[in-house]
Amino acid sequence: MSIDYSQKIPNNVNLASNKTLQRALEHWQPAFLDWWGEMGPDKSTTADVYLRTAVSAEPQGWAHFDYVRMPDYRWGIFLAPAEEGRKINFGEHMGQPAWQEVPGEYRSTLRRIIVTQGDTEPASVEQQRHLGLTAPSMYDLRNLFQVNVEEGRHLWAMVYLLHAHFGRDGREEGEALLERRSGDADNPRILTAFNEKTPDWLSFFMFTFITDRDGKYQLAALAESGFDPLSRTCRFMLTEEAHHLFVGEQGVARIIQRTCEVMANEKTDDPVRLRALGVIDLPTLQKYLNFHYSVTSDLYGAEVSSNAASYYTNGLKGRFNEAKLEDDHRLDSENYSILDVVDGKIVERQVSALTVLNERLRDDWVKDVQAGVSRWNKVPEKYGIPFRFTLPHKGFNRKIGIFADLHVSPDGRVISEAEWQARVADWMPTAEDRAFVQSLMGRVIEPGKFANWIAPPSRGINNQPVDFEYVRFN
Ligand SMILES: [Fe+2]
Ligand SMILES: [Fe+2]
C-alpha cells in the first residue's frame, strides 16, 4: 500500500489503471490549485515549510518531513489498507460483505454524507487563511500550515470518492466544493460553524481542539460505514486528524500556562491587570471555550433524528467504535438516556437508542472534550491557582435541537430572556473581549521566539528543537 509519487496525483489506489477516473481527477486538480491560490493561507506561496507528507497509509511510519512550498504540496489519494473479508458491522445488512460499490438505493444519501463532510475541509482553510499574518511563533505558523494542507488533502479524499463512485453527479459536487465559500452570503459552506470567522489564534486553537474533534467523531462514525471505500478513506484521515487535535489542545494549554506564570509572578488574578500585562485572563479563555463548545455541539444535529436512525439501519454510518460495542448492533430494543425539556424543566428521559444516535455521538465527543479540559486544569493546579475550566451545560447557547428555543445558563438552569441578556457578557466573548484578544495578535517569526501571551511548547515537531527554522521565508 505504498504511495506512488511518480504520478501527477500521488495515490495508493492504482489510479493509473482507471484512465477515465484519472483524467477526471487531473481535470479537477488545477481547479483545486486555483482555489488554494485564492483561498489558501494568505501570503504563503513562496515560503518553504517543514511539513509532513504521507508516504504510506500504514499506521506506523507513514509520515515524511521535509521543506515544501505549499502550492507544491503533493496532495493525493490515500486509503487505509483494505481489510480482507470486511463485513458490515451493524444495521439491517449486518454480517453481509462490505460494499465496494455504492448500493443504488443509498446513492443520494451517501453522496450527501460525503459532500457534507467534504465541505468542512476547505471551509476551515478559508476560515483560517489570514492567521499566518499574526502567528505567535514560527513553530505555530508551521503547525497552522500543516493543518491547512491536510484539510486540503481531506477535500481530495472526499472528491476522490465522489469521482470514483458517483459519476457525473459526483464530478459536479466536486466542482461545487470549490465554489462555496466560508461566510459567503450567497454561496456559504453547508454547516453553520464553518461559516463563523476564525479571527485570532485563540479561536484557532479552540477550533482545532473542539471542532476538529467533531471531525474526529464524524470520521470515526463514517469509518464504520458498510461502504468500504468511505471507511478506508476516513480511517486514514483520522491518522492525520490526531495532529490537528494536538495543535489545538497544546495551543490552549500554552496560553493557560503563560497566563498562570504571570499570575503567579505578579500575585494577581485581576483580569484588568493581567490584560495590561499582555496575557489573556482565564475567565476570557473560559468564555471562548463556552462559545466554541456550544457552536460545535450543534454540528451533531438534533438529538432525535430519523435521518441518523436510517443512516444506521442502512449501514451507512455507525456509532463511535461500533465494532467494540457489546450489543446487538441493530438497536431494535435498546434504550439510551437523553436530556429533554418538560414544562420548562430539564429532565432525563430514556428513549429508543436508534432514534438518538446524534446525541450518542455528541456524548462520545463531550467525554473526549472533557478529558482535554481536565488536562488543561492541571496547569493552574500546578501553579496553585484555584481557577478550573468547566464545560457549560449541553443546553447552553444551542441553536439546534431540544434546547434551541430556550436559554440555558452554563450551570444548566433554564433562564428567562432577560436573565440571558443580563448575563451573556459573563458567559460568551464580548466584542470587547474579542478586540482585546485581537490586540495581542502580532507576527512573531524569528526561530525560537514566542509572543508574550503564549508559552513555548516543551518540544518541537518531529524531534526538532523548538527554535528550529520551521519556515524559511524567501
Ligand atoms: Fe479534516
Ligand atoms: Fe482537521
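Leaving aside neighbours within four places in sequence, with which residues is alanine 98 in contact? This close-up and the others below show a predicted model.

**View 1. Alanine 98 in the loop between strand S2 and helix H2.** The loop that holds alanine 98 lies between strand S2 (63-69) and helix H2 (107-127). Beyond its neighbours within four places in sequence, alanine 98 is in contact with Arg86, Lys87, Ile88, Gly226, Asp228 and Ser231. Glycine 85 is 13 residues from alanine 98 in sequence, and their C-alpha atoms are 8.0 Å apart in space. Alanine 98 has 21 C-beta neighbours inside 10 Å and therefore counts as buried, the cut-off being 20 or more.

**View 2. The packing of helix H6 against helix H10.** Helix H6 comprises residues 228-266 and helix H10 residues 357-382; they pack at an angle of about 20°, and their axes are 9 Å apart. Because of this angle, H6 is roughly parallel to H10, a term applied to angles under 35 degrees. The crossing in which H6 passes H10 is right-handed. On the H6 side, the residues that meet H10 are Glu249, Val252, Ala253, Ile256, Gln257 and Cys260. Their counterparts in H10 are Gly372, Trp376, Val379 and Pro380. Sorted by class, the contact of H6 with H10 contains 7 nonpolar, 2 polar and 1 charged residues.

**View 3. The packing of helix H1 against helix H3.** Here the angle between helix H1 (residues 19-39) and helix H3 (residues 138-165) is about 150°, with the two axes 11 Å apart. H1 is therefore roughly antiparallel to H3, as angles over 145 degrees are classed. H1 and H3 form a right-handed crossing. H1 contributes Leu21, Ala24, Leu25, Trp28 and Trp36 to the contact, while H3 contributes Gly152, Val159, Tyr160, His163 and Ala164. The contact of H1 with H3 consists of 8 nonpolar and 2 polar residues, with no charged residues.

**View 4. The open sheet of strands S2, S1 and S7.** The sheet has 3 strands, ordered S2-S1-S7, and the pairing is antiparallel. S2 and strand S7 (471-472) are the edge strands, each pairing on one side only. Strand S1 (residues 48-54) is joined to S7 by 2 bridges, and these strands run antiparallel. Opposite aspartate 48 stands arginine 472 in S7. Helix H3 packs on this sheet, where it touches S1 and S7, and the direction of H3 makes about 40° with that of S1.

**View 5. Positive phi values at asparagine 14 and lysine 267.** Most residues other than glycine have a negative phi. Asparagine 14, in contrast, has a positive phi, near 55°. Asparagine 14 belongs to the segment before H1. It has 10 C-beta neighbours inside 10 Å, so asparagine 14 counts as exposed, the cut-off being 12 or fewer. Lysine 267 also has a positive phi, near 50°. Lysine 267 is placed in the loop between H6 and helix H7 (271-276). With 6 C-beta neighbours inside 10 Å, lysine 267 therefore counts as exposed.

Conventions. Residues are numbered from 1 along each chain as its sequence is written. Chains are lettered from A and ligands numbered from 1 in the order in which they are written. This is a predicted model: local features need pLDDT of at least 70, side-chain atom pairs count only at pLDDT 80 or more; totals for chains, interfaces and linings use all residues. Axes are lines fitted to C-alpha atoms, for helices over the stretch in contact, and angles run from 0 to 180 degrees between N-to-C directions. Helices (H or I, at least four residues) and strands (E, at least two) are DSSP runs, numbered from the N terminus. Angles under 35 degrees count as roughly parallel, over 145 as roughly antiparallel, 65 to 115 as roughly perpendicular and the rest as oblique. A crossing is left-handed if the near helix is turned anticlockwise from the far one by less than a right angle, and right-handed if clockwise. Two residues are in contact if their C-beta atoms, placed from the backbone, lie within 7 Å. Ala, Val, Leu, Ile, Met, Phe, Trp, Tyr, Cys and Pro count as nonpolar, Asp, Glu, Lys and Arg as charged, and the others, Gly among them, as polar. Two strands pair if DSSP finds at least two bridges between them.
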